[in-house]
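Open the model in your viewer and keep the selection panel at hand. The tour goes stop by stop: what to select, then what is there.

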Number of protein chains: 2
Amino acid sequence: MRISCNELEDTFLRIISGHGFTEEDARDLARVFAGSTIDGVYSHGINRFPRFIREVRNGTVLPEAEPEIIRSQTAFEQWDGKQGAGILNALQCADRSVQLAGQSGIGCVGLANTNHWMRGGTYGWRVAERGLLFIGWTNTMPNMPPWGGDRNTIGNNPFVMAIPRSEGHVVLDMAMSQYSYGKLEWHAKKGGMMPEFAGYDTRGEITRDPAEVLATERILPAGLWKGSAMAMVMDLAAAVLSGGLTTCGIGDLPAETKLSQVFISVNIRQFMPQREIDSITREALDFIRQQNDRILYPGQRALEHRQKCLLEGLEIPDELWKEICSL
Amino acid sequence: MRISCNELEDTFLRIISGHGFTEEDARDLARVFAGSTIDGVYSHGINRFPRFIREVRNGTVLPEAEPEIIRSQTAFEQWDGKQGAGILNALQCADRSVQLAGQSGIGCVGLANTNHWMRGGTYGWRVAERGLLFIGWTNTMPNMPPWGGDRNTIGNNPFVMAIPRSEGHVVLDMAMSQYSYGKLEWHAKKGGMMPEFAGYDTRGEITRDPAEVLATERILPAGLWKGSAMAMVMDLAAAVLSGGLTTCGIGDLPAETKLSQVFISVNIRQFMPQREIDSITREALDFIRQQNDRILYPGQRALEHRQKCLLEGLEIPDELWKEICSL
């Protein structure tokens, strides 16, 4: 069925309210879940919303948690997320890194003991909207085998980088696996192969068959040894910067929680007016994309999806909407 | 032929001296070129040394340049590399980011107008050796097609991340192409295919044949659209953070020069003693690598190569050594 963006957000808000969040927190959560959906990232928007509500109800996510600053040295801080909602903790720490960057040119917040931040891009868009450059990442539960290994001992640890632009922010939001589990499920439902190698089949061979990869739960690192190595380093760095758990420690828990995340903002507009940032990035992207329209810049698809949905509303599968409304 | 590590460094120093560098700068250059070779990265060590000397002689690299600070806001600075030697500029800016991090917890230096920094890992090892966490990257000339494109309009923009450890620093040093041109040349000489897809052949198909890829000069982004997207964002970010050129602007120059680079250090030991960093990272790496010895952590191969070479010396092809000695 087709619903408007406002109806989507209002529905999320109505369901979240009454789960112990403050009114402001509930509003932020509804806005972010709706925003990710409107940007086309259903997997971490509406598709994930029922699971988020279940996690609030079963105590994985603590609605009354208040993140707390633990240690601070001028522009670098460590925060304890107290197992609160990942979105709320991440918004607060992203905003805090912006504040620190305002004071010192650059700011870094390491966040321990938090929950899934849903779409990583949310925090890139957020910081870019304020005119700063953003770098951030999270670790996850063990969900990917390292290159050369059979068992899932590393996370696919999404990495985010954003640059503010008047014509549409550049926002990279990239997990270290070639495909997300959400995308594999979508293709498996449709039937047919993935366009590129996606993971391992039951015989241990690399395959494009999404059903096989979903059966083995062994996704392929993007760039093979490269995504595998970058995932390892980001995991260690997130734990060390936040004082929190690594993917190894998260794997010992009964559910995916107590994640470690990093939020770095840089106050570029202090040195360079936005119109100069715009002109540098426009020239570079025009040069890259002159060849054909298939070449997208990171963030372009989200912006186009958003503009379309704000005008036309969203198409939501009937089954899913029924599930949402019955929460 | 086999030579000792000391002989390698002394030979480099003898050749560099008399090219207009200060004695200290010449010593740093020789040490870094030797160090990369000893760590097994011949492509950006001894193999690249003759080209570096040529670039000094033809004026691409200016030996007397003194990098200069242009703008500063507390922990974020922009420097102009004045087209000096890339290694010297990068060492100075990496060290400066360490200083800033000592004062403010985190420090960021954007460096414009510099030359090739040779092995990116050099600066990761350098900062980790001082006990800080490092994130850095560089742009390059256009040397890779974006995913979906035919012509080389993006750089393979190496990304570096390092974490200090008593048992061997973790150092990720990763270009955004699946393979480096150096590795393709090495395999092409031996004959035979690359183990994985490497780039495009003359018919525009993806191939594992290194000779074909060297002919088209169209290498494959690591992770396909992922490495392509990350390369784009890092290029824009390097230009915006440093006030320097993007890959697009570098492509307009007669030679690869005036690169933009970023150096970020974080003062993690302020919050966490090294023995705790060691124990967190040891537990995580043991968990990842329990499966088999083929799984390396980033930086492991360099350390093992270094330990072996310091004992046994290095094997250098006769032809190459003759070329070096005749410079």
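In which hand does H10(A) pass H8(B)? The crossing is right-handed, where a crossing is left-handed if the near helix is turned anticlockwise from the far one by less than a right angle, and right-handed if clockwise.

Before the details, some ground rules. This is a predicted model, in which local features need pLDDT of at least 70, side-chain atom pairs count only at pLDDT 80 or more, and totals for chains, interfaces and linings use all residues. Residues are numbered from 1 along each chain as its sequence is written, and chains are lettered from A and ligands numbered from 1 in the order in which they are written. Helices (H or I, at least four residues) and strands (E, at least two) are DSSP runs, numbered from the N terminus.

Colour chain A by confidence. Its mean pLDDT (the predictor's confidence in each residue, from 0 to 100) is 97. In chain A, 100% of residues reach 70 or more. The model has an ipTM of 0.97 and a pTM of 0.98.

**Stop 1: a helix pair across the chains**

Axes are lines fitted to C-alpha atoms, for helices over the stretch in contact, and angles run from 0 to 180 degrees between N-to-C directions. Angles under 35 degrees count as roughly parallel, over 145 as roughly antiparallel, 65 to 115 as roughly perpendicular and the rest as oblique.

Now show the side chains. H10(A) brings A:Ile277, A:Ile280, A:Thr281, A:Ala284 and A:Ile288 to the contact. H8(B) answers with B:Met232, B:Asp235, B:Leu236, B:Ala239 and B:Val240. Two residues are in contact if their C-beta atoms, placed from the backbone, lie within 7 Å. By class, the contact of H10(A) with H8(B) has 8 nonpolar, 1 polar and 1 charged residues. Ala, Val, Leu, Ile, Met, Phe, Trp, Tyr, Cys and Pro count as nonpolar, Asp, Glu, Lys and Arg as charged, and the others, Gly among them, as polar.

**Stop 2: the whole interface**

The contact takes 63 residues from chain B and 63 residues from chain A. Elements giving two or more residues on the chain B side include strand E2 (68–73), strand E4 (106–114), H8 and helix H10 (274–289) of chain B. Which element gives the largest share of the side of chain B that touches chain A? H8(B) does, with 12 residues. By class, this side of chain B has 36 nonpolar, 19 polar and 8 charged residues.

**Stop 3: two helices within chain A**

Select helix H1 (residues 5–16) and helix H2 (residues 23–38) of chain A. They pack at an angle of about 140°, with their axes 8 Å apart. H1(A) and H2(A) are therefore oblique to each other. Their crossing is right-handed. Among the contact residues are A:Leu8, A:Phe12 and A:Ile16 of H1(A), and A:Leu29, A:Phe33 and A:Thr37 of H2(A). The contact of H1(A) with H2(A) has 11 nonpolar, 1 polar and 3 charged residues by class.

**Stop 4**

Pick A:Leu88, in helix H4 (residues 86–104) of chain A. Buried or exposed, A:Leu88? A:Leu88 is buried, with 26 other C-beta atoms within 10 Å. A residue is buried if 20 or more other C-beta atoms lie within 10 Å of its own, exposed if 12 or fewer, and partly exposed in between; C-beta atoms are placed from the backbone. Not counting residues up to four places away in sequence, A:Leu88 touches A:Asp25, A:Asp28 and A:Leu29.

Move to A:Gly81, in the loop between strand E3 (76–80) and H4 of chain A. A:Gly81 is buried, with 30 other C-beta atoms within 10 Å.

**Stop 5**

Select B:Asn113, in strand E4 of chain B. B:Asn113 is not a glycine, yet its phi is positive, about 55°. B:Asn113 is buried, with 23 other C-beta atoms within 10 Å.

Next, B:Leu224, in the loop between helix H7 (210–216) and H8 of chain B. B:Leu224 also has a positive phi, about 60°, although it is not a glycine.

Finish at B:Thr202, in the loop between strand E8 (199–200) and strand E9 (206–207) of chain B. With 11 C-beta neighbours inside 10 Å, B:Thr202 counts as exposed.
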